[in-house]
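Please study the sequence and the model shown below before reading on.

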Amino acid sequence: MMLISLGSGAALAIALISVVSHFTSSTTTTTSLPEPAIVGTSISPRTLPTLDGRSRLTIPARGHRTVLVFFASWCGPCRRELPEVQRFAESAPSDVSVIGVAANDAPQAASEFLDQLGVTILAVSDADGSVTSSTYGFGTLPETVFIDSTGVVRHVVFGGLNRQTLRQSVGALR
C-alpha cells in the first residue's frame, strides 16, 4: 500500500512540474488569434503623460510607423518581452517610433520595472487603462499594436513577441 501511495505521489509531482514548467517557460510565445476589429481602423491621437510625469506624448506618432507595446510591472510575459523590444528599438529605422504604454499600472512602478530590465524606450502612462480599453479595445497584457504612418492599425500581437516578429510586422507597415 505504501509503494502505491509513493508511486501515485511521484506521478502527481511529475505532472505538476510539467504543467508549471510549461506555463513558466522562458520561451516567448505569440498567440495566434483572429485580428481584432481595430485592425484597419484609423486611431484618433491620444495624449498621455510620460512615466516621469514631466511631459505628455501624443500616440500614435503621425508620420511615423508606430509600435505601441502595452505592458505593466506585474506582467510576467512583459518581463521577457521588453528586453527584446529594447534591442529592436535600438536598431529600428528612423521612421519607426517604439513606445511603451504602461497600462493599469502606477507610473512609478512601471518606471522602476523598465529600469530593472534596462529598457529605455519612451514610455507613457495609462494608469487606469482607459485608453488601452476604450481606444485599443483590450485589457490583457502584453499586447503590441502596429500602426502605419497614417494612423491606421495594421496588426495586433497578443502575448509576448520577439525581434523577428517585430521586424516582420514593422516591415509590413507602409
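Predicted model: local features only at pLDDT ≥ 70, side-chain atom pairs only at ≥ 80, totals over all residues.

Residues are numbered from 1 along each chain as its sequence is written, and side-chain values use heavy atoms, with hydrogens and water left out.

The pLDDT is the predictor's confidence in each residue, from 0 to 100. The protein chain has an average pLDDT of 83, and 80% of the residues score at least 70. Helices (H or I, at least four residues) and strands (E, at least two) are DSSP runs, numbered from the N terminus. Confidence in the protein chain is lowest in helix H1 (residues 2-23), with a mean of 43, and highest in helix H3 (residues 107-117), at 97. The pLDDT is below 50 over residues 5-31, a stretch that has 14 contacts in the model beyond near neighbours in sequence; a contact means heavy atoms within 4.5 Å.

The aromatic rings come next. Rings of Phe, Tyr and Trp (its six-membered ring) pair if their centres lie within 6.5 Å; planes under 30 degrees apart count as stacked, over 60 as edge-to-face and the rest as tilted. A search of the whole structure finds two such pairs. One of them is formed by Phe-71 and Phe-113, which are stacked at 6.3 Å centre to centre with 20 degrees between the planes. This pair links distant parts of the chain, since Phe-71 lies in strand E3 (residues 65-71) and Phe-113 in helix H3, 42 residues apart. Both Phe-71 and Phe-113 are buried, where buried means under 20% relative accessible area, exposed over 50%, and partly exposed in between (1.4 Å probe, protein chains only).

How many salt bridges does the structure hold? There are four, a salt bridge being a side-chain nitrogen of Lys or Arg within 4 Å of a carboxyl oxygen of Asp or Glu. Asp-95 and Arg-65 form one, with their closest N and O atoms 2.7 Å apart. Asp-95 sits in the loop between H2 and strand E4 (96-103), and Arg-65 in strand E3, 30 residues apart. Asp-95 is partly exposed, at a relative accessible area of 32%, whereas Arg-65 counts as buried at 13%.

A further salt bridge joins Arg-163 to Glu-84, the closest N and O atoms being 3.4 Å apart. Here helix H5 (residues 163-171) supplies Arg-163 and helix H2 supplies Glu-84, 79 residues apart. Asp-148 and Arg-154 also meet through their side chains in a salt bridge of 2.9 Å, N to O. Salt bridges that share partners join Glu-84, Arg-87 and Arg-163 into one network.

Pro-83 is placed in helix H2 (residues 76-90) and counts as buried because its relative accessibility is 18%. Pro-83 and Arg-163 are 80 residues apart in sequence, yet 9.6 Å apart in space, C-alpha to C-alpha.

Glu-143 is buried yet has no salt bridge, and the nearest side chain of opposite charge, that of Arg-80, is 13 Å away. Lys and Arg count as positive and Asp and Glu as negative, while His and the chain ends are not counted. Leaving out residues up to four places away in sequence, Glu-143 touches several residues, including Leu-68, Phe-138 and Gly-159.
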